[in-house]
Amino acid sequence: MWKALALLVLLVLSPGGDGLFRSLYRKAHVSTPHKGDPGQPLFLTPYIESGKFAEGRRLSLVAPFPGWNLTSYSGYITVNKTHNSNLFFWFFPAQIEPWNAPVVLWLQGGPGGSSMFGLFVEHGPYIVTRNMTVRARDYPWTTTFSMLYIDNPVGTGFSFTDHLQGYAVDENDVARDLYSALFQFFQLFSDYKDNDFYATGESYAGKYVPAIAHYIHVLNPGMAMKINLKGIALGDAYSDPESIIGGYAPFLFQIGLLDEKQRKYFQKQCDECVRYIQEKKWSLAFENVTGCSNYYNFLQCKEPEDQSYYGNFVSLPQVRHAIHVGNKTFNDGTIVEKYLQEDTVKSVKPWLTEIMDNYRVLIYNGQLDIIVAAPLTERTLMSIDWKGSHAYRKAERKVWKVLKSDPEVAGYVRQVHNFSQVIVRGGGHILPYDQPLRSFDMINRFIFERGWDPY
C-alpha cells in the first residue's frame, strides 16, 4: 500500500483530487435505462457566430423541473471545430443584484472531475436526495455570485470531443479551450461581460485556474472585448506537485497515518518522485494507486453516500432534456486522466506567481484535508517568489470568526496586500460540503473585500 501511495498522484484523480471519484461516479452512474426523451444537445456557437444572441439565450434557458426555482442557462460551446470539441456549461445568475454581482467560474479537479459535483455537492443552489429529487441548499454561492459551472477539460462530465486529438495534454490546451468558451459565453451573455470576473476551483483545478487566469492576463491587452478578471480563489490547490509531494511523509507521520518505518520508506519514494520531476522525467514521476480509504477528511473512514447521488440524477432523461445535453455521455474522466498523465506532475507556479503579483488571490484549505493538506499548501507558498513573499513570511496569522458572538473559531487567516491564505476549521478536501457556512462567509469576504474581522 505504501509503495502505491508514495508518489501521491492519487491526489489528482477525483472530483476534488483523488481516485475516489472513480468509485463515486460508478456508484452513481448505474446502467439501468430510464424511460423518456432526453431531447437534443444544444450547441450555442452557431448562434453566437451569427449574432443571434437573444435566440441563443432563449434556447439555453433551463426548462422547469420539480424543485428548481431559479433561472439558469445551459448548453454547449464549441471550442475546436476541427475535432468537434465542446465544453458544457450551466450558468446561474446571482439571486441578489445579478446585474452587478461578480461572475464566478467554478472548475472541478480530477483531472476529469465534473463541475456538476461542485454544483450539487458543494455550493450550487440544489442538493440531490436519495430519491432523485432536489432541495434547496442553505448557503449556495449563487445567492451573491453569478456562478458559471463548466465541465473542464474536454472529455469531462458532459463535455466531449469527437477526436482523440481534441483532448488536452497540458495546461496550455486547457487554458486555450477554456478561454474560447469564456469569450463566447460573454458574447452570448453580454449583460455580464463588464462584471467582475473570478476564476475558482479546487484540487487539480489548482492548475486549471492559474492556467486560464494567466491566459486571460496575457491576451486581454490586445482584445477589443476583455474579460474583467479581478482575481482567483484556489481550494486545496494541487498547483506545484514538487513542493507538495516533498512534504507528504512528515505530514502523514505527524497525524499518525505512518509509523517511523513507513515514514522512512515513504520519504524515500517521495524523494525519488521529486528527483524525476526535477529531471523532467514526467512519466516516471507519475504513478496511479488503488485502495478504498477516504482521503477527503482524515476524521472520516468512508466518503458520505450523498456525494454520489448527483450522477444518477443528471442521467435522468427529464434532467438531460432540461439542461440541453440530450443523450451525450456523462464521462467519468478516465480518458481525460490518461491524456493529462504527464501534466499531473508539472507545476504552474510561474503562472500563479504572476497572478499573485497582479490580481487578488485567495488560497484556502480544509484543516482536515489529506489530499492537499494545509501544511503542504504553506510549503508551496513559501517557495513562491512574488512581490509580497517577504511580507507574507513575516505576517502573523489571525483568528477568523463568522460573527463576533460566535463561540466557534471559523478558521485562520494570513493576509498580505491582495493575497489571503485561509485555513478553515472542521473541513476536509470537499470544504463547502463539510463547512457550508464558513465557506460561504470566506468566499464573500474575499470577493467583496470585507476583511476578516467578525461582524
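**Rings, charges and cysteines**

R263 lies over the face of F253, 5.7 Å from the ring centre.

Colleague: What kind of model is this, and how are residues numbered?

Modeller: This is a predicted model, where local features need pLDDT of at least 70, side-chain atom pairs count only at pLDDT 80 or more, and totals for chains, interfaces and linings use all residues. Residues are numbered from 1 along each chain as its sequence is written, and side-chain values use heavy atoms, with hydrogens and water left out.

Colleague: Which charged end sits over the ring of F160?

Modeller: That of K328, 4.2 Å from the ring centre. A charge sits over a ring if NZ of Lys or CZ of Arg is within 6 Å of the ring centre and within 35 degrees of the ring normal.

Colleague: How are the rings of F91 and Y192 arranged?

Modeller: Their centres are 5.1 Å apart and their planes at 85°, so the pair is edge-to-face. Rings of Phe, Tyr and Trp (its six-membered ring) pair if their centres lie within 6.5 Å; planes under 30 degrees apart count as stacked, over 60 as edge-to-face and the rest as tilted.

Colleague: Is C270 buried or exposed?

Modeller: C270 is buried, at 0% relative accessible area. Buried means under 20% relative accessible area, exposed over 50%, partly exposed in between (1.4 Å probe, protein chains only).
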